[in-house]
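Please open the structure in your viewer and keep the sequence panel beside it. We will begin with the whole chain and then select single places along it.

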Amino acid sequence: MDHTFDYIIVGGGTAGCVLANRLTDDPAISVLMIEAGGNAINDAVESPFRWNELLLTDLDWAYMGVPQPGLQGRQVYSASGRGIGGTSNIFHMIHTRGRPQDYDDWAAQGASGWSHSDVLPYLQKLERQLDGTNPTAGKAGMIPVSNAGDTGNPVSRTFIDACVEIGYPEVDDFNASNTGAGWHHVDMEAGKRVGVYAAYYAPAKDRANLTVVTRAMANRIVLDGKRATGVEYSADGSTVIATARREVLVTTGTIQTPKLLMLSGIGPKADLDALGLDVKHVLPGVGQNLHDHPLVIGPIGYLAEPALPPRGNVTEVALFCSSSNDQSVPDLEICLVHRAPFGPKFFESVIKRVQTGQPVANATELVDPHVVLALPGLVRPLSRGSIRLQSTDPAAHPLVDCNYFGEASDLERTVDMIEISRKIFAAKAFAEGLGLVELSPGPTVTTRDALRQWVIENIGSYYHFVGTSKMGTDAMAVVDPTLKVHGIDGLRICDASIMPTIVSANTHTTTVMIAERAADFILGQA
């Protein structure tokens, strides 16, 4: 096998599949894509409501974060997609763009050319929206965008009615309206998930100019002075060095990307020195600026009658709202799982199984059709953490420290969401219409202090990691606005790690947009 290619993509996840498709559309361009996971997906990936079955399987890196001071030492389990398609295989299919101000803020912070008006054509490029609720939606893109309201699910409809009852407006499309309650738009068609595996990888996988190596761990980026010339990876017990004639493109995600840079000698000098790594290029921002949307598992409600069998992606509706008038865009997102594919003990079980190395083959053992979950997520967190190496072994997980509630206002605004969620559950639409009773926090948790403690004990991750290779021009920036690594030729980072700040929405759509835009930069078309 010839190990020389025009481009090497490291990481076959969400962004990597987009790049592989767009670059190999030109038959004269040869591409190698290296992926640590496998090449196969299963029926649970295609079935929108079975995402719970994918946790802790071969499709999940299943990170366990370091003990969090803001959570009284608790550790947080975080799913992250592994294998071709990456997190696009396991996310909830929610299609929300960042708010216009999110992207305008990027540009104002030094990421010139990334304002809302700059990125809108790329959001439209990826979208094939099937209804007319968003006048700026793309209509001819790779990913179908359908309305979750087409399922007509009565519990989800009741959530919207309850939000309206307590004073929030109903909206038709979260990508056209900032604030209110409504049905999500989802990356689905004909009852199936359509992530990047189906939309981007499948049409390109048999192209003669695309080579894909799976079960291959990238060990380091090969450097010749200050130029990236290839990638060293291990597969089938052998170590291979592949050469890139043009560029190395890193799309291994917010957690793995800084790990690979540091293993290659690119990063904060003190951290590299501490592990005895040869310092090739000092970039103090590598691994810094990690942030995530913290997610609360609950409040949990119990319906008088069992809900109908799961429909759609199960997470069909949400409320976006603001914690105060000072917030120019919503900083709170409260979703509903209309028939929880797990009971109240599910996440406790997940944590124990992660810690003991036991797989969860099928989490439906814990289903209770009476149970519904509110999933409040803080979509404008202020806390920042880091990714650090725990060893020089490329196969070892890095140390994931999201620093949840490192900023006190993050905890207070999360408690605000719990209070709003309880009002939704107590509204007549739920309490009288469906006989909903709150199981947790429950009637004994009444004070603000008690709610703070309950939140700390029930916080989890939205799996929306960003920021560890941030884009910009300041001293902590890792890539410039064309996604080139500062100070290293022939190396770009094209995944969610480049977001300077997290978008006030689910992050998948923005990640696909970043990869679409990266392809145009690489091909000289932007």
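Start with the whole chain, which is a predicted model: for its 526 residues a compact globule would have a radius of gyration near 24 Å, and because the protein chain has 22 Å, the two agree.

Next, select Met-93, in the loop between strand E4 (77–78) and helix H3 (100–108). Its phi is near 70°, a positive value in a residue other than glycine. Is Met-93 buried or exposed? Met-93 has a relative accessible area of 0%, and is therefore buried, as this word applies under 20%.

Now move to Ala-190, in the loop between strand E9 (188–189) and strand E10 (192–193), where phi is again positive, near 55°. Ala-190 counts as exposed, because its relative accessibility is 79% and the cut-off for this word is over 50%. Most residues other than glycine have a negative phi, and most peptide bonds are trans.

With that in mind, select Gly-298 and Pro-299, whose peptide bond is cis, with omega near 10°; Pro-299 is found in the loop between strand E18 (294–296) and strand E19 (300–302).

Finish at Ser-440 and Pro-441, which are also joined by a cis peptide bond, with omega about 10°. Pro-441 lies in the loop that runs between strand E25 (437–440) and helix H12 (448–458).

Definitions and conventions:
Residues are numbered from 1 along each chain as its sequence is written. This is a predicted model: local features need pLDDT of at least 70, side-chain atom pairs count only at pLDDT 80 or more; totals for chains, interfaces and linings use all residues. Side-chain values use heavy atoms; hydrogens and water are left out. The radius of gyration is taken over C-alpha atoms; the globule rule is 2.2 Å times the number of residues to the power 0.38. Helices (H or I, at least four residues) and strands (E, at least two) are DSSP runs, numbered from the N terminus. Buried means under 20% relative accessible area, exposed over 50%, partly exposed in between (1.4 Å probe, protein chains only).
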